[in-house]
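Please look over the sequence and the structure first; the notes follow.

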Amino acid sequence: MSLAVRYNDSLGFNLQKYEEKIMSEEKETTIVVMNNGPYRILGENITIKDAAGNTFGLAGRTVVSLCRCGHSENKPFCDGTHARIGFQSEVQARELPPPIPKL
Ligand code: FES
């Protein structure tokens, strides 16, 4: 079973179709903040590094989920724990204020 299938919700939202749409529209790597779930990273060339600059081997994945709830046993990757613990966080895209200039 792919991760995408696991994220179908009871309202009929089909993450796999959503991701296919994003992949066909976006040329850049895209991060989707899933309601009550992980950050989904979609792209043809995803690179994730640790703090020391070492690259995670992603085995050619074009979709990766990063834990947003803080409870995964496989950080930084999502292992589905967010659903078991009832993680709640719904967000909507918005504009951020301009960055504070560095002195
Ligand atoms: S967001 Fe899935 S385990 Fe944390």
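Two strands count as paired if DSSP finds at least two bridges between them. By that rule, β2 and β3 pair, in the antiparallel sense, over four bridges. The model is a predicted one. The protein chain has three helices and three strands, and their pattern along the sequence reads α-α-β-β-β-α.

**Whole chain**

- The protein chain has 103 residues, of which 12% count as buried.
- Taking contacts between residues at least 6 apart in sequence, 30% join residues at least 24 apart.

**The sheet**

- Strands of a sheet in general pair through backbone hydrogen bonds, and the pairing is either parallel or antiparallel.
- Here the three strands form an open sheet in the order β1-β2-β3, and the pairing is antiparallel.
- β1 and β3 (63-66) are at the edges with a single partner strand each, so one side of each has no neighbour in the sheet.
- On average, neighbouring strands of this sheet are turned by 25° against each other, direction ignored.
- Strand β1 covers residues 30-33 and strand β2 covers residues 39-42; the two run antiparallel and are joined by four bridges.
- Tyr-39 of β2 stands opposite Val-33, and Tyr-39 also has Leu-66 in β3 as a bridge partner.

**The helix across the sheet**

- Helix α2, made of residues 15-25, lies across β1, β2 and β3.
- The direction of α2 is at about 45° to β2.

**The loop between β1 and β2**

- β1 and β2 form a hairpin with five residues between the strands.
- Asn-36 is in the loop between these two strands.
- The phi of Asn-36 is positive, near 60°, in a residue other than glycine.
- Asn-36 counts as partly exposed because 15 C-beta neighbours lie inside 10 Å, and a residue is placed in that class when its count falls between the limits of 12 or fewer for exposed and 20 or more for buried.

**The segment after α3**

- Glu-90 lies in the segment that follows α3 (81-85).
- Leaving out residues up to four places away in sequence, Glu-90 touches Asn-35 and Asn-36.
- Glu-90 and Val-33 are separated by 57 residues in sequence, while their C-alpha atoms are 8.5 Å apart in space.
- Is Glu-90 buried or exposed? Glu-90 counts as exposed, because it has 8 C-beta neighbours inside 10 Å.

**Backbone features in the other loops**

- Most residues other than glycine have a negative phi, and most peptide bonds are trans.
- Which residue sits in the loop between β2 and β3? Ala-59 has its place there.
- The phi of Ala-59 is near 55°, a positive value in a residue other than glycine.
- Ala-59 counts as exposed, since 5 C-beta neighbours lie inside 10 Å.
- The peptide bond from Lys-75 to Pro-76 is cis, and its omega is near 10°.
- Pro-76 is in the loop between β3 and α3.

Conventions
Residues numbered from 1 in each chain as written. Predicted model: local features only at pLDDT ≥ 70, side-chain atom pairs only at ≥ 80, totals over all residues. Contact = placed C-beta atoms within 7 Å. Axes fitted to C-alpha atoms, helices over the stretch in contact; angles between N-to-C directions.
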